[in-house]
Amino acid sequence: MTQALVLLVTGAAAGLFGSLLGLGGGVFLVPVLVLFLGVDMAHAAGASLTAVIATSSAAASVYVDRGVANMKLGVVLETATVLGAICGGVSAGLLPARALVGLFGAVLVAATAALLSSRPEAGDGPEEPGGGPLDGEYFDPALGRRVRYRVRRLPAGLSASFVAGGLSGLLGIGGGLVKVPALHLFCGMPMKASAATSNYTIGVTAAAGAIVYFNQGMLDPDLCGITVLGVLGGSWAGTALSPRIKGRTLRRLFSAVTALMAVQMLRRALSGG
Amino acid sequence: MAELRTVVSRSLRGGVILSGMLIAAGLSLGPTGAGPVLLRAGLLALILTPVLRIAVLAAAFARGRQWNFFWVCAGLLALLGLSAAVGLAR
């Protein structure tokens, strides 16, 4: 019973931060399941995948309605992500896990540095006439005005999505940690639109993986079910909170997560665990 | 565009609510009777929600005659099928 409560609360926290930051929440969920609840890695990854779908779908249903998630850009990026996930899944085992974890850590260090050093207002509302088929606009209550943005450097966004998909195929993590900084820093999207669009896309990648877990009987129904209920509650709270939070605050929160993950990944790579 | 948003948002919300209710019902019934069946059905509904969203989007693009985006969605569905096939074969 206490275990169920821990699962519910952890799921709620993962859903809350995941829906705000554009992550699936697996980043928070997997360590808790493995380290504190003694769940083995495969079942933890399966539960994490279902949690990612729950966060993504619950959050995206709201962000799409508000117009913050860029649906057209989302589908275009999803093709690169799923392709990356297939390549990652096929090539898993060809590359040593330590090198991958190290590489991921290095990417996170770069992302953290870029997030912290870019202009404080960059992407928080560059007023630019759109017009391209992928450009977007939405109303930001925290700023009290409509934000219009232009999607730049699509190839860079596609490449980052491919890498994100590959990592999720190889390591069983969501791609949000790679996608959000890439959309914000390379494609020039405001932080909120980056997080919302990432949220919108990660459910598809996770679904591709989860269907395999489901068919192989690798989803523990109770574990997944309780976690998902927590995640749904947390995600709805996150989407309710999101309009009141400034893009700058989100960026700081996000860089704190990437910094923390970078340290953890690099330590794992160096220690060989 | 506004109409597209409403349709996609509703399909996602519908999937989430349906799976949430099935999961809650399955968990509250426990390991006997219809409990496990409802629970598994809820998880399957959840997994299929993002896939449904792409199908809905494809239909909406086709109706709006935005063929380039329609083909992106169709390609994505094909890729998802391929990835499921690759995963199941392993």
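**Where the two chains meet**

I began with the area: chain B and chain A bury about 3700 Å² between them, 80% of it on carbon and sulfur atoms. Buried area here is the accessible area (1.4 Å probe) that two parts lose on being put together, summed over both.

A note on what I'm looking at: this is a predicted model, where local features need pLDDT of at least 70, side-chain atom pairs count only at pLDDT 80 or more, and totals for chains, interfaces and linings use all residues. Residues are numbered from 1 along each chain as its sequence is written, chains are lettered from A and ligands numbered from 1 in the order in which they are written, and side-chain values use heavy atoms, leaving out hydrogens and water.

Next I looked up contacts (heavy atoms within 4.5 Å): 41 residues of chain B touch 46 residues of chain A.

I then checked for salt bridges (a side-chain nitrogen of Lys or Arg within 4 Å of a carboxyl oxygen of Asp or Glu) and got one between chain B and chain A. It joins E78(A) to R53(B), with the closest N and O atoms 2.8 Å apart. Helix 1 (2-29), helix 2 (35-63) and helix 3 (67-89) of chain B each give two or more residues to the side that touches chain A. Helix 2 of chain B gives the most, with 14 residues.

**Chain B by itself**

I find three helices and zero strands in chain B; both are DSSP runs, helices being H or I with at least four residues and strands E with at least two, numbered from the N terminus. Its C-alpha atoms fill a box of roughly 50 × 40 × 10 Å, taken along the principal axes.
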